Amino acid sequence: MRYLCQGVPGTGLNPGRRILIMAYELVSGSQAAAIAVQRVGVDMVAAYPITPQTAIVETLANFDAKGELGAEFVSVESVYAALTCCNGAASAGARVFTVT
C-alpha cells in the first residue's frame, strides 16, 4: 500500500512537499503465493488440500469467502481431478491455477 502525504496538518509537512510512505505486511511464503494468485487475476482455481500446500489453499479459500478472489474456486477430490478441471477451463480460454 502506498500513501502520498501533502501538507497534512499535525504531521509537520509543508504544503508543497510530497513524500511517499510505504506500508509493509509480513507474510509467509504460502500466503505470498496466494496473494500473487489473487493479484494476477486468474479465472479458476482448482484446489486439493495436501501438505505442504494446505496453507495456500486455506488462504485462497479465505479470499473466496470474503469475495476478494475474483475467480471460481473449485475444491476437488484428487490431484487428477484438479488437473482435469484446469485442462477443461484452459481449453475454454480461462486463466487457471491449481494447488495440489
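**Entry 1: the cysteines**

Is Cys85 buried or partly exposed? I looked up Cys85 in this predicted model and found a relative accessible area of 28%, so I recorded the residue as partly exposed. Cys86, at 8% relative accessibility, counts as buried.

I then asked how far the sulfur of Cys85 lies from the closest cysteine sulfur. That closest sulfur is in Cys86, at 6.9 Å, which is too far for a bond. I noted for my own reference that a disulfide is a covalent bond between the sulfur atoms of two cysteines. The cut-off I applied is 2.5 Å between the sulfur atoms. By this rule I counted zero disulfides. Cys86 is accordingly in no disulfide, with the sulfur of Cys85 being the nearest cysteine sulfur.

**Entry 2: the chain as a whole**

I next turned to the overall layout. The protein chain contains three helices and five strands, and I read their order along the sequence as β-β-α-β-α-β-α-β. Of its 100 residues, 23% count as buried. The chain exposes about 6800 Å², and carbon and sulfur atoms supply 54% of this area.

I also looked up the contacts in the chain with a separation of 6 or more; residues 24 or more positions apart account for 54% of them.

**Entry 3: helix H2**

Which residues of H2 are buried? I listed Ile56, Val57, Thr59, Leu60 and Phe63. Seen down the axis of H2, these buried residues fall within an arc of 165 degrees, so they line one face of the helix. The face turned away from that buried side carries the exposed residues Ala65 and Lys66.

I noted that H2 covers residues 54–66. The helix has 13 residues and reaches 18 Å from its first C-alpha to its last, close to the 18 Å expected at 1.5 Å a residue. After H2 comes Gly67, whose phi is positive, near 80 degrees.

I then asked what the buried residues of H2 pack against. I found H1, E3, strand E4 (72–75) and strand E5 (96–99).

**Entry 4: Thr59**

Within H2 I examined Thr59. Its relative accessible area is 15%, and the residue is therefore buried, the limit being 20%. Leaving aside its neighbours within four places in sequence, I found Thr59 in contact with Gln31 and Ala34.

Leaving aside its neighbours within four places in sequence, Leu69 is in contact with Gln38, Val45, Leu60, Phe63 and Asp64.

**Entry 5: Ala90**

With a relative accessible area of 40%, Ala90 is partly exposed. I asked how many Å separate the C-alpha atoms of Ala90 and Met44. The two residues are 46 residues apart along the chain, and their C-alpha atoms are separated by 9.0 Å.

Terms used
Residues are numbered from 1 along each chain as its sequence is written. This is a predicted model: local features need pLDDT of at least 70, side-chain atom pairs count only at pLDDT 80 or more; totals for chains, interfaces and linings use all residues. Side-chain values use heavy atoms; hydrogens and water are left out. Helices (H or I, at least four residues) and strands (E, at least two) are DSSP runs, numbered from the N terminus. Buried means under 20% relative accessible area, exposed over 50%, partly exposed in between (1.4 Å probe, protein chains only). Contact means heavy atoms within 4.5 Å. Accessible areas come from the Shrake-Rupley method with a 1.4 Å probe; for residues, only the protein chains shown count as cover. The expected span of a helix is 1.5 Å times one less than its number of residues. The arc is that of the directions from the helix axis to the C-beta atoms.
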